[in-house]
Amino acid sequence: MTVTSSSQQASVSEQEARKVAEQAREADWRKPSFGKELFLGRFRLDLVHPHPTGEPESVDRGEAFLAKMREFCETSVDPRVIERDNQIPDEVVRGLKELGAFGMKIDTEYGGLGLSQVYYNKACMLLGSLHPTLGTLLSAHQSIGVPQPVKMFGTKEQKQTWLPRCTKEISAFLLTEPDVGSDPARLHATATPDGDDYVLDGVKLWTTNGVVADLLVVMAQVPKSEDHRGGITAFVVEADSPGIVVENRNEFMGLRGIENGVTRFTKVRVPAANRIGKEGQGLKVALATLNVGRLSVPAVCAGTAKWCLKIAREWSRERVQWGKPVGEHEAVSGKIAFIAATAYGLEAMVDLSSEMADEDRNDIRIEAALAKLYASEMAWLVADELVQVRGGRGFETAESQAARGERGVPAEQMLRDMRINRVFEGSTEIMHLLIAREAVDAHLAVAGDIIDPEVEIKDKAKAAAKAGGFYARWLPKLVAGKGQMPTSFSEFGPLAAHLRFVERASRRMARSTFYGMSRWQGKMEYKQRFLGRIVDIGAELFAMSAACVRAERDPEGGTAVELADAFCQQARTRVEALFSLLWDNSDDVDRRLAARVLEDRYTWLEDGVLDPSIEGPWIAQDADPDSSKPNLHRPIR
């Protein structure tokens, strides 16, 4: 058996890596997409308004489960124990199993609860507010672990085999490797066909739930041969199979208690029946799973923002400085307003995306990605502002506060826990690029050959004619729209002006994208900061739309409108700043400076400091099949 070496994988070119990623994305748009239309300058409010609402039976079932989960959390879970012991107690995990929490998204015919995406996210929000690691345990199992890909791509036999088990057992998703993050073309792990089996070899890093998992979803390269198309392929693997060793339980700045490890596969035999989908479809399975699976991250982020609001409100009214509560000082009241408005905006964004997922009328790949990107960034800012509002107490641990007789508020823990959301399940930088690719899909479909350096002249000419027709119809529509009519969206009352802004900004965003493509053409893909700002504008516009649509139907009535209005006012300020930065920025200077830093031009600036890092290679070598490390796998039965 030949295992691809690290040096071989390092030779993967930029073009090859891009090709692998492009082949994995869903190329067709079989359903309408609010997000796609928004980036094209078409504000399709009809796709999200009236606000989608679940069936009464689904709502009743969801509310009944939330009541049970709340009672369980209040009586059986102590978040301080998780933080202190760096582990979720086994009895808590068993209690969640008995509650049915591991089968929330699994259909009732397989023994699950069959909850909607809306109530699954509400459950993640509730658990995550108590301790984010609890939300991570369940979301890593159900959003990206075995249940979701099997539900979407599994055969009837696979569903009958694994979904009932997943209601009581824990699963994990294994893609990342020591030298493979967002660039899957460099994947080292192999699955070599051998009779009716595949033989897995390789190392997987940051395997959330991997330390305690019963089942694994593993991505590995199948070598191409006469009888096998090869490529990255997904497999369901029994976690206690011979040859699997959990070599390390990783520890992080936050999410204490997360069962995340390093897992090595050495000649692990996996039946061909355990393959999900066809050979070479592994990344497509992963990306399709994440289209909805990503929503658990913004759900936890929204829950954290709501908790931060509660603490900020109570503390800022209680703490008195300079003759009045600190919340009445403008420097602090501005932070409270930001926390409150953002908490409303995030929950509105999550609710709308979740309802759209349940409704299944729209393609929500862009909306789910925007929700993940936006919520992870904004929740981090919210948690940071809470620490600032709390002052020295914000930096102090909850246990220390309680030890000296005060209420133990884990603000510093929430800040640590929120930081990872900007990294996992797609870092902010990768989400920018992923969303940007989907946002410009219509342009690439008609004009991609024009800017592709490998396309022949005659084909470029054909593409130019096709593009000319598209832009002749599209560009004039970006000049004027409903956002310029004072009476548009009047049914939204005081929020109508914000929706008019969204419509105008959507067209402006589309024009800016077109100008960028015209200016940079084939080099547009390297203008990552420009593309990131375009995506951030789109995220703000989607969040504003969600806030207005929710407020119109919100049972809280006027108070919800007040929050939505404040959120939109703040979002509009951010959008205007982003539009300015599209063309007035230091990107070129920064790019040159970074290149010089990497050329060691300024190493003198590093003089006078000491490096406390522990010695070792920057990236661990994974080609050691004879590792004698003990197996730390610890299933919770």
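**Reading contacts and surface patches**

Modeller: R529 counts as partly exposed, because its relative accessibility is 43%. Keep in mind that this is a predicted model.

Biologist: Why is R529 called partly exposed rather than buried or exposed?

Modeller: Buried means under 20% relative accessible area, and exposed means over 50%. R529 has 43%, so it falls in between.

Biologist: Which residue forms a salt bridge with R529?

Modeller: D590 does, with the closest N and O atoms 2.8 Å apart. This pair links distant parts of the chain: D590 sits in helix α24 and R529 in helix α22 (residues 528–553), 61 residues apart. D590 is partly exposed too, because its relative accessibility is 26%.

Biologist: Which parts of the chain does the bridge between R634 and E259 link?

Modeller: First the contact itself: the closest N and O atoms of R634 and E259 are 3.2 Å apart. R634 lies in the segment after α24, while E259 lies in the loop between β6 (244–249) and β7 (260–271). They are 375 residues apart.

Biologist: Is E259 buried or exposed?

Modeller: E259 is buried, because its relative accessible area is 7%. R634, at 24%, counts as partly exposed.

Biologist: Now the rings. How is a pair of aromatic rings described?

Modeller: By two values, the distance of the centres and the angle of the planes. A search of the whole structure finds 13 aromatic pairs. Take Y471 and F514: their ring centres are 5.0 Å apart and the planes stand at 50 degrees, so this pair is tilted. Y471 is in helix α20 (residues 457–474) and F514 in helix α21 (residues 496–520), 43 residues apart. Both residues are buried.

Biologist: Which residues do ring pairs link into a cluster?

Modeller: F470, Y471, W474, F514 and Y515.

Biologist: And the surface. Which residues form a nonpolar patch?

Modeller: L593, V597 and L598, with about 310 Å² of accessible area together. V597 lies in helix α24 (residues 587–598). Its relative accessibility is 45%, so V597 counts as partly exposed.

Biologist: Which residues form a negative surface patch?

Modeller: E599, D600, E606 and D607. E599 is placed in the segment after α24. E599 is exposed, because its relative accessible area is 59%.

Terms used:
Residues are numbered from 1 along each chain as its sequence is written. This is a predicted model: local features need pLDDT of at least 70, side-chain atom pairs count only at pLDDT 80 or more; totals for chains, interfaces and linings use all residues. Side-chain values use heavy atoms; hydrogens and water are left out. Patches are made of residues with over 30% relative accessible area and no salt bridge: like charges are joined within 9 Å, nonpolar side chains (Val, Leu, Ile, Met, Phe, Trp, Tyr) within 5 Å. Accessible areas come from the Shrake-Rupley method with a 1.4 Å probe; for residues, only the protein chains shown count as cover. A salt bridge is a side-chain nitrogen of Lys or Arg within 4 Å of a carboxyl oxygen of Asp or Glu. Helices (H or I, at least four residues) and strands (E, at least two) are DSSP runs, numbered from the N terminus. Buried means under 20% relative accessible area, exposed over 50%, partly exposed in between (1.4 Å probe, protein chains only). Lys and Arg count as positive and Asp and Glu as negative; His and the chain ends are not counted. The place of a charge is taken as NZ of Lys, CZ of Arg, CG of Asp or CD of Glu. Rings of Phe, Tyr and Trp (its six-membered ring) pair if their centres lie within 6.5 Å; planes under 30 degrees apart count as stacked, over 60 as edge-to-face and the rest as tilted.
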